[in-house]
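Student: I have not looked at this structure before. Could we go through it by question and answer?

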Amino acid sequence: MLFSSVSFLYGFMPVVLLCYFIAALPVMPVRLKNIVLLVFSLLFYAFGEPVYVSLLLISSVSDYCHSLYIEKHRGEQKAKAALISSVVINLAMLGFFKYVDFFIGTVNNIFGLALPVTGVPLPIGISFFTFQTMSYTIDVYRGRVHAQKSLADLATFVCLFPQLIAGPIVRYSDVVEELEHRRSTIDGVAAGFSRFAVGLGKKVLIANAMGQFCELFRVSHEQSVLFFWLYALAFTLQIYFDFSGYSDMAIGLGRIFGFSFPENFDYPYISRSITEFWRRWHMTLGSWFRDYVYIPLGGNRTTTGKWLRNLAVVWLLTGLWHGAQWNFVLWGAFYGVLLIVEKLWLGKWLDKAPKAVGHIYTLALVIIGFTIFNANGLTGTISDLKAMFGFGGLPSVTAQTMYYLKSYGVTFVVAIVGSTPFMKKLACRVDKAVPVLQPVMTVLLLVLSTASIIDGSFNPFLYFRF
């Protein structure tokens with residue numbers, strides 16, 4: 001079920017809110033709120049993946065049992081063995097459903113074999129909830145959190161529908177207090193609805209429009225070098241507004257239910273270096289790899305050779321986390337090399353260079369990066385990059401390119417401006433001057449987004465495929 005669907009907005013969400021706030025009444029049992037959220041979260045997931053609800057339950061029970069055992073035997077080898085068991089089970093599920101066919105296909109290509117692939121479909125959100133559950137058992141082992149004694153509460157954390165299928169990656173330590181003691185205030189609910197409306201508008205009004213431009217490019221028979229660059233820019237904007245819009249909606253829904261989910265984006269396209277870009281883009285994923293992979297390997301407090309190894313491992317895993325295709329591995333390697341170059345040499349030069357130079361450098365490389373990310377395998381990556389740099393035998397510009405540029409020019413400008421802090425600063429100033437406008441703008445965004453959803457059929461979420 002999509003957040004940006006009529007069935008969610010005017011079917012599922014009103015029902016879950018009604019049931020939740022009834023359960024939140026003072027006369028009701030304290031734990032009833034979590035039971036309501038757990039039941040509706042399982043229903044939410046079952047709407048699109050009824051068979052794979054079992055994975056959520058298996059993951060919840062497995063990590064519940066492992067964490068209790070780890071805490072009981074803390075400091076003993078038994079605890080370490082239980083941690084390894086938990087991580088292996090989680091990675092085995094992720095590996096089977098996401099990577100086994102990729103591995104079989106690679107073996108077939110290398111050795112000329114014809115081993116059958118499983119054809120098993122990818123469970124929605126498995127990359128997200130697997131990382132969340134692993135961070136929980138690891139943190140219990142490290143003594144950073146206590147094992148949750150209530151299976152229902154832990155399952156609520158694992159299955160919580162606002163961030164279940166596309167993040168942000170919420171750690172147990174982020175919400176442990178709120179799982180057991182939280183309340184929804186009028187101000188919090190209002191702020192949550194406002195944040196949800198902003199995210200919905202970003203997704204429906206901007207990301208979808210950029211996605212439609214990308215679709216027009218793919219079916220065009222008059223492609224050009226300029227058209228390729230516009231397509232790359234459109235996808236760069238689409239994936240930002242799609243993913244950050246979903247994160248905004250998730251954070252807003254969490255706020256309505258009394259949770260404070262971590263931020264996931266901080267205007268990454270205003271960055272002046274690739275290092276800064278990755279501090280601002282998908283921040284919960286970056287911090288996860290930092291805390292559970294990079295630092296345990298030794299981080300940068302080691303020899304240069306081991307430090308380079310640590311970065312290589314992190315960016316190989318980052319690429320593979322996004323998808324089981326070689327272009328994702330190349331995408332991870334692309335950023336790994338850039339980050340190494342910046343840390344060793346280029347970063348100091350960028351700090352002294354004019355801001356405009358840093359912005360242009362970063363945006364150009366990010367656009368190239370997302371071209372690799374969005375390509376159809378390695379062959380498609382090479383083909384797309386050749387066309388962008390004039391080696392694909394295409395004309396520089398065509399009449400069709402100019403037609404679509406004029407048709408979508410305003411949308412491009414709105415998207416580019418919207419990817420900067422300008423609109424947020426403007427909204428804050430308006431809200432201070434005329435506070436009544438905020439609820440009006442929230443309702444207006446919901447109305448415009450609903451009209452767009454009803455009117456159009458193009459409404460994918462890009463990160464659902466990861």
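Student: Before the details, what kind of model is this?

Tutor: The coordinates do not come from an experiment on this page; what is shown is a predicted model.

Student: How far apart are the end C-alpha atoms of helix 9, and what span should its residues give?

Tutor: Helix 9 covers residues 225-256, which is 32 residues. At 1.5 Å a residue the helix should span 46 Å. The distance between its end C-alpha atoms agrees with that, at 46 Å.

Student: How many residues of helix 9 are buried?

Tutor: Helix 9 is mostly covered. After the helix comes Gly-258, with a positive phi near 95°. Of the 32 residues in helix 9, the number buried is 28.

Student: Are helix 4 and helix 5 roughly parallel or antiparallel?

Tutor: The axes of helix 4 (residues 77-111) and helix 5 (residues 126-142) come within 10 Å and cross at roughly 175°. An angle over 145 degrees counts as roughly antiparallel, so helix 4 is, relative to helix 5, roughly antiparallel.

Student: Which residues of helix 5 meet helix 4?

Tutor: The helix 4 side of this meeting includes Ala-79, Leu-83, Val-87, Leu-94 and Phe-97. From helix 5 come Ile-126, Ser-127, Thr-130, Phe-131, Thr-133, Met-134, Thr-137, Ile-138 and Tyr-141.

Student: What covers the buried residues of helix 2?

Tutor: Helix 2 takes in residues 32-48, and among its buried residues are Asn-34, Leu-38, Phe-40 and Phe-44. The cover over them includes helix 1 (6-23), helix 3 (53-72), helix 5, helix 6 (151-159) and helix 7 (172-180).

Student: Is Asn-327 buried or exposed, and which backbone oxygen does its side chain reach?

Tutor: Asn-327 lies in helix 13 (residues 326-352). Buried means under 20% relative accessible area, and Asn-327 has 0%, so it is buried. Its contacts beyond four places in sequence include Ile-372, Phe-373 and Thr-381. At 3.3 Å, its side chain reaches the backbone oxygen of Ala-375.

Student: With which side chain does Thr-450 make a polar contact?

Tutor: Thr-450 sits in helix 18 (residues 437-455) and is buried, at a relative accessible area of 12%. Beyond four places in sequence, Thr-450 is in contact with Leu-9 and Tyr-10. The polar contact, at 2.7 Å, is with the side chain of Tyr-10.

Student: How far apart in space are Thr-106 and Asn-34?

Tutor: Thr-106 is in helix 4 and is buried, with a relative accessible area of 15%. Thr-106 and Asn-34 are 72 residues apart in sequence. From C-alpha to C-alpha, their separation in space is 44 Å.

Technical notes. Residues are numbered from 1 along each chain as its sequence is written. This is a predicted model: local features need pLDDT of at least 70, side-chain atom pairs count only at pLDDT 80 or more; totals for chains, interfaces and linings use all residues. Side-chain values use heavy atoms; hydrogens and water are left out. Helices (H or I, at least four residues) and strands (E, at least two) are DSSP runs, numbered from the N terminus. The expected span of a helix is 1.5 Å times one less than its number of residues. Buried means under 20% relative accessible area, exposed over 50%, partly exposed in between (1.4 Å probe, protein chains only). A polar contact is a pair of N or O atoms within 3.5 Å; within protein, one must be able to donate a hydrogen and the other to accept it, and residues adjacent in sequence count only if both atoms are side-chain atoms. Contact means heavy atoms within 4.5 Å. Axes are lines fitted to C-alpha atoms, for helices over the stretch in contact, and angles run from 0 to 180 degrees between N-to-C directions. Angles under 35 degrees count as roughly parallel, over 145 as roughly antiparallel, 65 to 115 as roughly perpendicular and the rest as oblique.
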